Amino acid sequence: MSVNVLYRTSARATGGRDGRATTLDGALDVKLTTPKELGGPGGEGNNPEQLFATGYAACFLGAMKFVASQGGTAKVPTDATVTSTVGIGPRSEGGFGLEIALAIALPGVERTAAEELVAKAHQVCPYSNATRGNIDVKLSVV
């Protein structure tokens with residue numbers, strides 16, 4: 001499958017989960033800390049799962065707005081939210097795996113219309129497309 005790339009960015013990590021991650025343009029600079037649950041010190045800093053969760057939530061909300069702009073679905077209210085929960089742990093096949101749940105709130109949108117919008121957004125969201133077939137993503141309209 002080819003992609004007509006319209007935007008590209010690059011980031012560099014040093015020190016692994018207890019290091020630093022920065023975009024090469026300097027717009028993002030994040031101190032990384034391994035959570036206690038994964039054997040790290042926890043404390044100040046972020047981890048890759050938090051970064052993935054925030055990126056997926058923002059991207060999915062953007063995908064819903066895109067779908068709505070194409071017509072035929074409900075409009076996305078200004079107070080809409082996507083809460084992304086990302087879990088990490090050992091896989092039975094070895095290595096580590098992720099699980100993802102997206103809780104989508106579309107205040108004022110009728111449930112059937114909201115579910116239709118979410119389903120269509122899940123087909124166009126780049127994060128959804130990247131995870132499809134690899135990670136089970138649970139969607140819920142709340």
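This is a predicted model: local features need pLDDT of at least 70, side-chain atom pairs count only at pLDDT 80 or more; totals for chains, interfaces and linings use all residues.

Trainee: How many helices and strands are in the chain?

Mentor: Three helices and six strands. From the N terminus the elements run β-β-β-α-β-β-α-α-β.

Trainee: What does the C-alpha trace span along its principal axes?

Mentor: About 45 × 35 × 35 Å.

Trainee: And what share of the residues counts as buried?

Mentor: 35% of the 142 residues. Residues 24 or more positions apart account for 46% of them.

Trainee: OK, domains. Where is the chain divided?

Mentor: Domain 1 is 1-46 and domain 2 is 48-141. Their centres, taken over C-alpha atoms, are separated by 21 Å.

Trainee: How many residues are in contact between them?

Mentor: Six from domain 1 and five from domain 2. The area buried between the two domains is about 510 Å². Carbon and sulfur atoms give 65% of that.

Trainee: Which residues of domain 1 lose the most area to domain 2?

Mentor: R17, L38 and N46. Together they make up 73% of what the domain 1 side buries.

Trainee: What about polar links? How many salt bridges and polar contacts cross the interface?

Mentor: One salt bridge crosses between domain 1 and domain 2. Two residue pairs are in polar contact there, both at pLDDT 80 or more.

Trainee: How many salt bridges does the structure hold?

Mentor: Six. Among them is R20 with D29, where the closest N and O atoms are 2.5 Å apart. R20 is partly exposed at 36%. D29 is partly exposed too, at 47%.

Trainee: Give me another one.

Mentor: D136 and K138 meet through their side chains, at 3.1 Å from N to O. K138 is partly exposed, with a relative accessible area of 48%.

Trainee: What does N47 touch?

Mentor: R17, L32, T33 and P35. That leaves out residues up to four places away in sequence. R17 is the residue with the salt bridge to E49.

Trainee: Switching topic. Which strand does V82 lie in?

Mentor: Strand β4, residues 81-90. V82 is buried, at 12% relative accessibility.

Trainee: Which residues does V82 touch?

Mentor: Leaving out residues up to four places away in sequence, V82 touches A57, F60, L61, M64, L102, A103 and I104.

Trainee: And how far is V82 from S140 in space?

Mentor: 9.8 Å, C-alpha to C-alpha. In sequence V82 and S140 are 58 residues apart.

Trainee: Last one. Where is T131, and is T131 buried or exposed?

Mentor: T131 is in helix α3, residues 126-131. T131 counts as buried, at 4% relative accessibility. The cut-off for buried is under 20%, so T131 passes.

Trainee: Which backbone oxygen lies 3.2 Å from a polar atom of the T131 side chain?

Mentor: The backbone oxygen of S128.

Trainee: And which residues does T131 touch?

Mentor: F52, Y56, I100 and V137, again leaving out residues up to four places away in sequence.

How values were computed
Residues are numbered from 1 along each chain as its sequence is written. Side-chain values use heavy atoms; hydrogens and water are left out. A salt bridge is a side-chain nitrogen of Lys or Arg within 4 Å of a carboxyl oxygen of Asp or Glu. Buried means under 20% relative accessible area, exposed over 50%, partly exposed in between (1.4 Å probe, protein chains only). Domain bounds come from an automatic or database domain assignment. Contact means heavy atoms within 4.5 Å. Buried area is the accessible area (1.4 Å probe) that two parts lose on being put together, summed over both. A polar contact is a pair of N or O atoms within 3.5 Å; within protein, one must be able to donate a hydrogen and the other to accept it, and residues adjacent in sequence count only if both atoms are side-chain atoms. Helices (H or I, at least four residues) and strands (E, at least two) are DSSP runs, numbered from the N terminus.
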